[in-house]
Structures are given as structure tokens and as C-alpha cells.
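User: I am new to this structure and would like to go through its strands and aromatic rings. Please take them one at a time.

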Amino acid sequence: MNKPDLKQKISEYIKYAKENGALNAVQFSTKQIVFDERTILKCAFGCKDWGKNHTCPSADSFLGLDMYKRVLQKYKTGIIIHCDNKKISQEISFALESKAYVDGFYWAFSLSDCALCGGNCSAALSGSANPHHPNISPCRHKKKARPAFHSVGIDVFATVHKFGLPLLTLKENDKSENWYSAVFID
């Protein structure tokens, strides 16, 4: 199977993202992605969902930051998707992953904060993402659930600022949020 022109397809994917709710969508080179192991600290000691989601770094299925970095650096390019809605961000990134796969870029892989169960992850309902927990239920969306952009060791702030995209630390009374996901394509 011959792969189509990547440059043309990236343009189509960006257009699709914007037409389906993305505020921004930009192409990146994997060399522009900033990795920093400190992201795990914010997950473990700042996230209310630590240990409660199947896509969380605390889950047994988590590959480890070094492995994610090695794997993701094998890609050449991708698209960063910026939304103001977590669910839309995930829907777009997974749709782009699927489109790229069908187009012949079979290694396409998206990263996005999981919103598939709307806060009712089967791991959270059982109280643990540990598959050996006696009450754990398997992920209801195993084929679509992906780890978050930051949970695999990517410094989202440093990365998106390279593209002039907005991301500020939130204050308690902030109502607007910026959600970022990415699709790695090769």
C-alpha cells in the first residue's frame, strides 16, 4: 500500500480538526516536543484522578516515562489540537488517529486526556486502576482510551508555547480551560 503525501494529509487533518471544534491545530516535528520527567510529579501529587483511571500513569498498563519518550521520538511529525472542551479534544484526536491509520500511516497514535466515560471511569467506580483490585472493571473503551499528553512525560506548557498557543496555570476561580491533545503520525 502506498502512503499518500504526508504534507497534503496533514493539511487535511488540520482543516478537519478546526471544522470539528478545535480552536487551533498545528503541525509539529517530534523534535519540537519537550519531554520532562517532572510531569509525573504533577500527576501523582496534583491530580484528583491519580490511581483512578485506566489511562493514568498509576495504572499497571502504563509503560513508563522512558519508554514513552523512546517510542514517541520514533515518530516524525504530528498535530497538536487545542480545544476549550476536553471531550471535543479527545474526539478530534482519536478521529485524526483513525483517519491517518486508514490513509496508510498505520503507526498513528493520539494522546488525549480521557473523557470517554464522562467522569465515570470503571476504574474510578471501583476505587482503583489496579487490575488486581478485587472490584476492578475493565476499561469500557479500551480501543479508544489514550493516555494524556502530559501523563507520558511531555511538558505541555513548554511544547505549546513554541507554537504561540495559549496555556496558563489556572487559578481557582478560572472558568475557561485549554485542553491539548496530539496525534503522532509516521
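User: Is Phe-28 buried or exposed, at what relative accessibility?

Analyst: This is a predicted model, in which local features need pLDDT of at least 70 and side-chain atom pairs count only at pLDDT 80 or more, while totals for chains, interfaces and linings use all residues. Residues are numbered from 1 along each chain as its sequence is written, and side-chain values use heavy atoms, with hydrogens and water left out. Buried means under 20% relative accessible area, exposed over 50%, and partly exposed in between, with a 1.4 Å probe and protein chains only. Phe-28 therefore counts as buried, at 1% relative accessibility.

User: Which residue of β2 is the bridge partner of Phe-28?

Analyst: Strands (E, at least two residues) are DSSP runs numbered from the N terminus, and two of them pair if DSSP finds at least two bridges between them. Strand β1 (residues 24-29) pairs with β2 in the antiparallel sense over six bridges. The partner of Phe-28 in β2 is Gly-78.

User: Which residue in β4 does Gly-78 stand opposite?

Analyst: β2 also runs antiparallel to strand β4 (residues 179-185), joined by seven bridges. In that pairing Ile-81 stands opposite Ser-181. Opposite Gly-78 is Phe-184.

User: How are the rings of Phe-28 and Phe-184 arranged?

Analyst: Rings of Phe, Tyr and Trp (its six-membered ring) pair if their centres lie within 6.5 Å; planes under 30 degrees apart count as stacked, over 60 as edge-to-face and the rest as tilted. A search of the whole structure finds four aromatic pairs. The centres of Phe-28 and Phe-184 are 5.1 Å apart and their planes are at 70°, so this pair is edge-to-face.

User: How many residues apart in sequence are the parts that this pair ties together?

Analyst: Phe-184 counts as buried because its relative accessibility is 0%. Phe-28 and Phe-184 also form one aromatic cluster with Tyr-75. Since Phe-28 lies in β1 and Phe-184 in β4, the pair ties together parts whose separation in residues is 156.

User: Which residue of β4 is the bridge partner of Leu-111?

Analyst: Strand β3 (residues 109-111) runs antiparallel to β4, and three bridges join them. The partner of Leu-111 in β4 is Ala-182.

Methods
Helix = DSSP H or I, 4+ residues; strand = E, 2+ residues; numbered from the N terminus.
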